[in-house]
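The sequence and the structure are shown first.

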Amino acid sequence: MWRSSLPLLERHTVNDAWALNTYVACDIRCTYCITQAQGTSTPRASRSEVADRLRAELDAVTMDSLVVGPYCDVYPGPEAELRVTRAALEVLAERDIGFSLITKGTTVVRDIDLLRHPKTLVQVSLCSLDTESLARLEPGAPSPEERLAALHRLA
C-alpha cells in the first residue's frame with residue numbers, strides 16, 4: 001500500500017519552493033486537474049515512517065519556502081483514518097517551519113493546532129457554490145457547504 005521509494009520532499013520548480021507530498025495520487029479527481037496525479041490516494045509512507053523520513057529529508061536540504069501538497073491534495077478521504085499528513089505537519093511544527101497549503105479536504109480542521117505558525121498560509125479551494133456543478137467538476141471533493149464550514153472553523 002505504501003510508496004516508500006518516493007521522496008516526501010521535492011523541489012517545486014513552478015514557484016521555486018520545496019514541495020511536501022504525503023500522497024501519490026488524488027482521489028478527488030477534478031476534471032480540470034493538470035497534475036496527472038488522479039487516482040487512488042495512496043500515502044508515500046505509513047504514519048509510523050513519515051516523521052523519521054521527513055526529518056531525514058529536511059536535514060538534507062536548505063529550506064527557503066515550502067508548499068504542502070502542490071500535486072495531490074494532502075487531505076484526501078483516507079487521511080482522516082491514516083493521519084499521514086498530520087504526522088508530517090507535526091514534524092514541520094517541531095522544526096518551526098511555516099508553509100503554504102491548499103486543499104479541498106475538510107479534514108484540515110483536525111489539524112488546526114499545527115497550522116498556527118505565523119508563516120503558514122492555509123487555503124480551502126472552492127470554485128463554485130453550485131453543488132451539482134461541483135459534483136461533476138470535483139466528484140471526490142466535499143460539498144461546498146462542508147468546505148465553507150471548514151473555512152469558518154479555520155478562520
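Helices, of at least four residues, and strands, of at least two, are DSSP runs numbered from the N terminus. In these terms, aspartate 96 is found in the loop between α3 and β4 (100-103). The model is a predicted one.

**The nonpolar core**

In soluble globular proteins, nonpolar side chains tend to be buried together. Here the largest nonpolar core has 30 residues. Leu20, Leu54, Leu66, Val68, Leu92 and Phe99 have the most contacts inside this core. At least two of its residues come from each of β2 (17-20), α1 (47-59), β3 (66-68) and α3 (84-94). Helix α3 gives the largest share, 6 residues. Another core, of 6 residues, lies apart from this one and includes Cys26, Ala37, Cys72 and Ala141.

Neighbours within four places in sequence aside, valine 68 is in contact with Leu20, Val74, Leu92, Phe99, Ser100, Leu101 and Ile102.

**Helix α3**

How many of the residues of α3 are buried? The number is 8 of 11, so α3 is largely enclosed by the rest of the structure. The buried residues are Val84, Thr85, Arg86, Ala87, Ala88, Leu89, Val91 and Leu92. Their cover includes β2, α1, β3 and α2 (79-82).

Threonine 85 lies in this helix, α3. Threonine 85 has a relative accessibility of 1% and therefore counts as buried. Its contacts, leaving aside neighbours within four places in sequence, are Thr22, Tyr23, Val74, Tyr75 and Glu79.

**The packing of α1 and α3**

Two packed helices are described by the angle between their axes and the distance between the axes. The axes of α1 and α3 come within 8 Å and cross at roughly 35°, and the crossing is right-handed. From α1, the residues Arg47, Val50, Ala51, Leu54, Arg55 and Leu58 take part in the contact. They meet Val84, Arg86, Ala87, Ala88, Glu90, Val91, Leu92 and Glu94 of α3. The residues of this contact divide into 9 nonpolar, 5 charged and no polar.

**Helix α5**

Helix α5 covers residues 144-154, and its buried residues are Pro144, Arg147 and Ala150. Where do these residues sit around the axis? They cover an arc of only 120°, which means that they are on the same side of α5. An α-helix has 3.6 residues a turn, so residues three or four places apart point the same way. The buried residues of α5 pack against β5 (121-124) and α4 (131-137). On the other side of α5, His152 and Arg153 are exposed.

Leucine 151 also lies in α5, and its relative accessible area of 31% makes it partly exposed.

**Two loop residues with positive phi**

Arginine 29 has its place in the loop between β2 and α1. Its phi is near 60°, a positive value in a residue other than glycine. Arginine 29 touches Gln38, Gly39, Thr40, Leu137 and Pro139, residues up to four places away in sequence not being counted. Arginine 29 and alanine 141 are 112 residues apart in sequence, but their C-alpha atoms are 8.1 Å apart in space.

Aspartate 96, which follows α3, has a positive phi of about 60° although it is not a glycine. Is aspartate 96 buried or exposed? Its relative accessible area is 56%, and exposed means over 50%, so aspartate 96 is exposed.

The table lists the accessibility of individual residues discussed above.

| Residue | Relative accessible area | Class |
|---|---|---|
| Threonine 85 | 1% | buried |
| Leucine 151 | 31% | partly exposed |
| Arginine 29 | 37% | partly exposed |
| Aspartate 96 | 56% | exposed |

Notes. Residues are numbered from 1 along each chain as its sequence is written. This is a predicted model: local features need pLDDT of at least 70, side-chain atom pairs count only at pLDDT 80 or more; totals for chains, interfaces and linings use all residues. Side-chain values use heavy atoms; hydrogens and water are left out. A nonpolar core is a set of buried Ala, Val, Leu, Ile, Met, Phe, Trp, Tyr and Cys residues joined through side-chain atoms within 4.5 Å. Buried means under 20% relative accessible area, exposed over 50%, partly exposed in between (1.4 Å probe, protein chains only). Contact means heavy atoms within 4.5 Å. The arc is that of the directions from the helix axis to the C-beta atoms. Axes are lines fitted to C-alpha atoms, for helices over the stretch in contact, and angles run from 0 to 180 degrees between N-to-C directions. A crossing is left-handed if the near helix is turned anticlockwise from the far one by less than a right angle, and right-handed if clockwise. Ala, Val, Leu, Ile, Met, Phe, Trp, Tyr, Cys and Pro count as nonpolar, Asp, Glu, Lys and Arg as charged, and the others, Gly among them, as polar.
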